[in-house]
Amino acid sequence: MPMNNLPLITWTNKGLYCAAGDFYIDPHRAVDVAIITHAHSDHARRGSKKYISVDSGVELLKTRLGNKIQVESYKYGEVFYFGKVKVSLHSAGHILGSAQVRVEHDGEVWVASGDYKRDHDPSCDPFENVLCDTFITEATFGTPKFVWTKNLNHGAMIHEWWCENEKKGVNSILFGYSLGKAQRILAELSPFAHKPVLIHSTIQELTECYRRQNRDMARTKVLGEKIKELILDQKLEGELLLAPPSILTENWIHLAGTYQTAFASGWMQNSNWNRYDRGFVMSDHADWNDLNQTIKESGARKVFVQHRNGALVRHLKKQGLEAYPIDHLNIENYLPKPGENLVLI
Ligand SMILES: [Zn+2]
Ligand SMILES: [Zn+2]
């Protein structure tokens, strides 16, 4: 249904849609062609006929959505076409295989960022700045209170915490989401870890995907195997356990004896960590400053923000930019009203 009065990308009930090329970006529902920015579950959903991904992200996508999905993959920067619409994927620095989507048609360039960050992360390619006329940006941390110190040596900090606990015979349980954060922690720990990190089974398969993409990960052992040894009378003491937060509800947790907990997340900013003994401010998203820097460096005249809070939109408007919440791209705003004619191209 391409119409020449539509913006190049619109916001529909299935997500971001390019009518001129008839494809979706991170659709919320099953569609024919889905360009996927990365394998997190709020971006990669089941049921689409064809998926398009960066090559280094294909295995993660299949691990998440099943081996039978049809995936077409491209290298970062490689150009492909949907009719006259030129598309390429560019590193978003968020997790392995994460991409910003560059869409060009009739001399106009749009970029949909997906999730991104600019902070150093040894588990994935660094963020690439992509010039465009219109930028659709995520803004998970789109308020000025989220600003964090960059280029911290997270690996050394986590290792130090682990060693302090180990000296006291205490285990260290570090919570991090199973895709992305867990592997970033393992990559950052790789030069420091003095023994295998015990990882929860939900992290295992995804970590192997990273290893097969030649990402250096600290040595690991699946936690369940260690628990079995423990039942055979070995001690779980001074270990580092890496797991999703749900682990505390598992029935073996009493075997972990005394332990300290920590959470690694951007949400740890502003001392959001009183439920844990320690918080590592470690985000896979851009903070307020990096969002602003990225928008500036994109050269975009128009910015659409994917965030419920309007702080970033208001801030950008003050800077003289044309900025809107993503709803402004609602396809209904551009469809002809009753009585008007559809203009097909
Ligand atoms: Zn994500
Ligand atoms: Zn996301």
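1. Asn214 is exposed, because 7 other C-beta atoms lie within 10 Å (exposed means 12 or fewer such atoms, buried 20 or more, partly exposed in between, with C-beta atoms placed from the backbone). Its place is the loop between H4 and strand E14 (220-222). Although Asn214 is not a glycine, its phi is positive, about 60°.

2. This is a predicted model, in which local features need pLDDT of at least 70 and side-chain atom pairs count only at pLDDT 80 or more, while totals for chains, interfaces and linings use all residues. Residues are numbered from 1 along each chain as its sequence is written, and chains are lettered from A and ligands numbered from 1 in the order in which they are written.

3. Please look at Asp106 too: its phi is positive, near 55°, and it is a residue other than glycine. Asp106 sits in the loop between strand E9 (99-105) and strand E10 (108-112). It counts as exposed because it has 9 C-beta neighbours inside 10 Å.

4. Now for the helix pair. Helices (H or I, at least four residues) and strands (E, at least two) are DSSP runs, numbered from the N terminus. The axes of H1 (residues 58-65) and H4 (residues 201-212) come within 9 Å and cross at roughly 160° (axes are lines fitted to C-alpha atoms, for helices over the stretch in contact, with angles from 0 to 180 degrees between N-to-C directions). The two helices are therefore roughly antiparallel (over 145 degrees; under 35 is roughly parallel, 65 to 115 roughly perpendicular, the rest oblique).
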